Amino acid sequence: MPENMRRREFIKILGAGMGGALVGTSFLKGFTPPEGLNASELLKNSTIKKTATYCEICFWKCAGWVYEKDGQPWKIVGNPDDPSSNGRFCPRGTGGLGAYTDPDRLKTPLIRTEERGKQVFREATWDEAFDYIADKMKMISEKWGPECIALFTHGSGGDYFKNLLKAYGSNNIAAPSYAQCRGPREEAYVLTFGEGVDSPERTDLLNSKCIVLIGSHIGENMHNGQVQEFSEAVANGASVITVDPRFSTAASKSKYWLPIKPATDTALLLAWIHVIIEEELYDKEYVEKYTYGFDLLKESVSQNTPEWAYPITTIKPHIIRETAREMGKHVPATIIHPGRHVTWYGDDTQRVRAGAILNALLGSWGRRGGFFVPAKAHLAKYPMPKFPDSHKDWRQAYPGKYPLASLALASGICDATIPTPERDCSFKGWFVYGTNLIQTLPQPEKTIEAIQALELLVVIDILPSEITGWADVILPECTYLERYDDVRVSPARIPTVALRAPAFEPQFNTKPASWMAKELSKRLGLEQYFAWETFEEYLDYQFKSVGTSLEEMKQIGVKKLESDHPIYFLNGEDYEFSTPTGKIELYSTTLAEHGFDPVPKYTAHPEPPEGFYRLLYGRAPMHTFGRTTNNPLLADLMDENEVWVNPKVANKWGLHHQQYVILENQDGKRSNKIRVKVTERIRHDAVYMVHGFGHTQSKMRRSYMKGADDTQLISRVDLDPIMGGTGMRGNFVTFKTEAV
Amino acid sequence: MRYAMAIDTRRCVGCSDCVVACQTENKVPVGYCRDWIVEEMSGKYPLLSLEIRSERCNHCADAPCVRSCPTSASHYEDGGIVMVTHEECIGCKACIASCPYDARFVHPEGYVDKCTFCLHRVKDGLKPACVSVCPTHAMIFGDLDDANSEISKILQSRTHKSLIPEAGTKPHVFYLL
């Protein structure tokens with residue numbers, strides 16, 4: 001417990017030098033409340049101001065209130081009318097003030113003065129920065145075409161740069177949240193049900209009687225509303241079945257923990273499908289009425305018995321049957337959670353589809369305790385001209401590949417930036433908004449190779465993250481607490497709109513992304529795409545289209561709207577699904593058409609060589625990857641990550657709890673030093689760490705070289721042939737203890 | 001009136017939100033905390049169990065910190081909340097040494113600090129900041145003297161424990177199992 005250590009150390013320091021009594025009185029001068037005045041009355045004499053916001057510390061975007069006391073930032077709390085948070089923020093949102101107070105923030109525009117990556121910049125005015133960027137954009141457009149500029153984006157402010165790029169003539173807009181995270185899941189659900197799961201997920205955990213987690217560490221990923229519902233379900237006695245090589249927090253709340261051998265999940269899912277069909281545990285009426293291809297599915301999984309799956313997964317046949325029966329018992333209030341970060345082994349669309357098929361058999365899609373039908377507010381779009389046609393896009397770099405990718409691949413654009421003789425045009429310019437590509441994309445040396453081939457790299461960020469070090473121009477954005485942003489319209493059981501208004505003036509010489517994009521548009525002759533006079537006017541226009549106004553939203557923060565449909569399917573009603581057959585496709589006609597397995601099949605993946613362990617990574621509840629590890633409030637809760645090692649493995653290598661090691665992967669890539677956590681909570685064939693640590697950027701002083709970065713160890717990538725997702729769990733590491 | 005807190009170990013996911021909420025509500029300096037998370041694992045792979053607890057001052061009815069304080073800075077408020085009057089504290093740390101829960105620390109301004117059950121909020125009819133923020137509704141705060149309070153009812157219906165009962169301090173933070 002580090003805080004106790006600090007306490008003890010403090011006692012020691014006091015004891016060594018000065019008398020406690022002296023310190024006690026002399027330090028108290030600043031805090032002498034008048035006689036008889038208690039804390040409550042103190043508060044009543046304060047001036048309290050509150051401002052509506054929605055959080056940007058992660059992408060759940062919970063709505064809340066920012067409090068100021070006597071002109072000083074005080075606290076952030078949830079808005080009770082918000083279905084994403086129900087009035088309760090998660091630790092990251094509660095600690096959001098740390099993003100504002102972080103002394104390491106970017107403070108003024110910077111222009112590179114020496115070669116890329118040397119991190120030598122000069123301070124610039126906004127005009128200089130914009131002129132520099134606009135000149136380069138014009139040059140690229142003339143020489144190679146506007147499509148040769150791409151945008152990588154993650155976060156609210158990226159929308160204005162999307163607008164700018166589309167107006168400029170490029171549709172190459174990619175979010176790593178697709179090909180590096182939940183893309184395969186979205187495609188698998190679209191293939192099966194004709195719709196994706198979206199974010200926040202449409203899971204009805206609150207009403208679930210049986211929750212199956214396979215690749216989801218709810219509670220360690222702090223997706224607020226979902227964690228709340230999970231805990232409520234657990235408190236209400238829901239059966240939880242957790243499949244995880246690690247005894248996760250969720251596993252500790254489960255009726256069954258299945259410590260599966262990593263990389264074999266599809267075999268377990270197929271065995272479950274087999275049992276559910278064989279023992280007729282599925283929802284017959286639902287399957288009959290809404291699904292396509294049951295007999296083809298049955299035939300396809302006929303050999304996938306629990307006995308077949310046992311040596312593959314190490315899960316005993318009777319446990320596979322027992323858990324399948326548990327699922328069947330609670331039909332349709334059983335949910336196979338769709339997961340979120342699903343880019344593991346390159347057959348991820350197929351694996352997630354196996355889970356989707358299970359959900360279809362159990363009749364959980366559109367049913368209470370399964371998946372609800374989400375509602376979303378529809379706002380009138382602020383008037384602007386049509387975007388110009390874009391003639392080329394990233395797909396031309398990959399003829400015939402990834403046919404079912406519905407969004408641009410961040411990894412694909414990165415690879416297509418490295419010039420090759422066979423490609424006539426490579427990307428020449430990147431805008432990077434709010435995503436630290438060095439830690440986000442696998443194979444960081446490839447990302448750097450691509451960057452070195454660019455004519456222009458503009459990075460818009462709040463912190464001097466690693467990617468800023470490679471930029472030509474850095475545009476410092478103010479935090480979400482210092483700016484307006486677009487209306488939040490998250491999907492949920494009821495549609496809502498939420499406002500983000502500035503609680504504080506922007507610190508330093510930082511600006512909102514909306515302002516930056518508009519200023520750039522003026523220099524490119526594209527100001528008609530940013531036609532609002534003030535951002536308030538832009539917001540008010542949209543709010544008025546749903547019967548409210550900016551004025552009202554400032555008072556209430558969140559407004560609940562009427563939904564035009566029930567949240568569950570009506571009994572016996574006919575529904576048409578957006579699939580080629582109009583049915584829920586157990587057998588995917590789209591996959592068949594493209595030459596992929598129409599029903600998922602198990603494929604074996606490489607196993608760790610002797611002395612190596614599969615590298616697994618995940619999340620901690622108080623951090624959002626690398627974007628919060630420098631936040632003073634959140635770093636105080638967890639300032640470095642640990643590598644989880646089973647005691648047997650630790651014994652073999654002579655590793656002690658809390659000692660530092662270096663991890664080396666199968667290709668000789670090495671990590672920064674990381675502490676060992678010797679724990680029974682992980683299998684003997686894998687190690688685990690939280691992603692987002694091990695920053696190599698010294699300008700982020702609190703997080704610099706604290707812990708290790710798993711991305712540095714992800715040199716092997718298994719691409720999903722269906723949609724181009726980058727499978728990153730095929731890397732194996734060993735321990736290096738010398739010279740740590 | 002007898003204030004107490006119950007923490008549901010089944011609901012708690014150990015996210016530390018209670019810690020940050022307390023730090024911002026009470027302006028606890030970075031590097032210090034009045035509440036914290038403990039994860040206690042037992043068993044051998046694969047038969048494991050994990051108890052997650054949010055811990056803080058137990059506001060004991062027989063508090064050794066109050067007894068050991070030479071200036072009476074540590075004292076009981078109405079409802080049994082143990083408080084430290086900052087300006088009466090001489091920073092001698094006798095209370096820190098006597099507390100079995102390690103719940104106290106020396107604030108950089110020189111006085112001893114710890115959880116107050118957010119007395120300033122409770123006086124206004126609010127719950128402590130940690131209870132209000134807890135995303136999983138794992139914390140219950142209330143009056144044990146009121147038989148109809150949520151906390152009285154849940155302590156009657158659920159198995160619970162307190163920490164280090166053998167210290168005999170009559171702690172008033174309970175853990176629902």
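The crossing of H6(A) and H19(A) is right-handed, a crossing being right-handed if the near helix is turned clockwise from the far one by less than a right angle and left-handed if anticlockwise. This is a predicted model, in which local features need pLDDT of at least 70 and side-chain atom pairs count only at pLDDT 80 or more, while totals for chains, interfaces and linings use all residues. Residues are numbered from 1 along each chain as its sequence is written, chains are lettered from A and ligands numbered from 1 in the order in which they are written, and side-chain values use heavy atoms, with hydrogens and water left out.

Let me stay with that helix pair. Helix H6 of chain A covers residues 126-143 and helix H19 of chain A residues 513-523; their axes lie 9 Å apart at an angle of about 55°. Axes here are lines fitted to C-alpha atoms, for helices over the stretch in contact, with angles from 0 to 180 degrees between N-to-C directions. H6(A) is therefore oblique to H19(A); angles under 35 degrees count as roughly parallel, over 145 as roughly antiparallel, 65 to 115 as roughly perpendicular and the rest as oblique. Helices (H or I, at least four residues) and strands (E, at least two) are DSSP runs, numbered from the N terminus.

I turn to a second pair. The axes of H10 (residues 265-278) and H13 (residues 306-313), both of chain A, come within 9 Å and cross at roughly 165°. The two helices, H10(A) and H13(A), are therefore roughly antiparallel to each other, and their crossing is left-handed.

Next, the domains. Chain A is divided into domain 1 (110-178 + 378-560), domain 2 (199-373 + 575-593) and domain 3 (613-736), with bounds from an automatic or database domain assignment. The C-alpha centres of domain 1 and domain 3 of chain A are separated by 29 Å. Their contact takes 25 residues from domain 1 and 27 residues from domain 3.

Finally, some backbone details. The peptide bond from Ser199(A) to Pro200(A) is cis, with omega near -10°, and Pro200(A) sits in the loop between helix H8 and strand E8 of chain A. In chain B, the bond from Tyr45(B) to Pro46(B) is also cis, with omega near 0°. Lys61(A), although not a glycine, has a positive phi of about 55°.

Definitions and conventions. Contact = heavy atoms within 4.5 Å.
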